[in-house]
Amino acid sequence: MLPLTYWPDERLVQKCEPVKQIDDAFLLFVESLKKTMLKEQGLGIAATQVGVPLQVCLVQETYGEEPLVMINPVIEASSKKKVLFGEGCLSFPGLFIEVARPAWVDVAYLDLNMKRHLRRFDGLPLSVCVQHEIDHLRGLTFLDRVSRQERRKILRKWKQPWTEYPPPRSTQAKSGSRKASYKKKKAGRRKK
Ligand SMILES: [Zn+2]
């Protein structure tokens, strides 16, 4: 388990360095990232969400199964058609916002054997989840995908579980229970 970075932590808005080699330390990091995602019940996770500026993210294609590891992912093409989808994010506890994104994307990425893949991600929520995680590796969050006006409105309404950064431990625990009750209301929506 790795500690999560919560918005507005500046490590969330940094651009990540490409991964140059897969060594034991990197494999261990990916394993910890995976454990963190599963523990936090995220549909995906990016290295910036644990404060590490490396281009690697994980996405659960099928919830509960081995996640897809994407190293140095690049969106090569995307559809003109957009889809609107309610997104959550581990870095914004309790916040769900509607974001419009291309319906499909073609992504080039490396796997853990440094093998290159070019794959089309189509369909919800996978396509959206992949785009959301790749955004994280470029220092972007879903707030960057809505208008400035909407962003202000969202942040005014968002009931952050804490008022200062870093959140005190006791507050984090409380936010967990708040999250749980919120999740019940918004069944079907998952955090990324
Ligand atoms: Zn996120």
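Analyst: Two strands pair if DSSP finds at least two bridges between them. Strands (E, at least two residues) and helices (H or I, at least four residues) are DSSP runs, numbered from the N terminus. This is a predicted model, in which local features need pLDDT of at least 70, side-chain atom pairs count only at pLDDT 80 or more, and totals for chains, interfaces and linings use all residues. Residues are numbered from 1 along each chain as its sequence is written.

User: In which sense do strand 2 and strand 3 pair?

Analyst: Strand 2 and strand 3 are antiparallel, with four bridges. L58 has V69 of strand 3 as its bridge partner. Strand 3 also runs antiparallel to strand 6, through five bridges; there, I71 stands opposite L110.

User: Which residues touch the most other members of the largest nonpolar core?

Analyst: A nonpolar core is a set of buried Ala, Val, Leu, Ile, Met, Phe, Trp, Tyr and Cys residues joined through C-beta atoms within 7 Å. Buried means that 20 or more other C-beta atoms, placed from the backbone, lie within 10 Å of a residue's own. Here the largest core has 35 residues, and I45, A47, C57, L58, V59 and V130 touch the most other members. Among the elements giving two or more residues are helix 1, strand 2 (56-59) and strand 3 (68-78). Helix 2 gives the largest share, five residues.

User: How far apart are the end C-alpha atoms of helix 1?

Analyst: The expected span is 1.5 Å times one less than the number of residues. Helix 1 (residues 24-39) has 16 residues and should therefore span 22 Å; its end C-alpha atoms are 23 Å apart, which agrees. Just after helix 1, Q41 has a positive phi of about 60 degrees.

Note on methods: A residue is buried if 20 or more other C-beta atoms lie within 10 Å of its own, exposed if 12 or fewer, and partly exposed in between; C-beta atoms are placed from the backbone.
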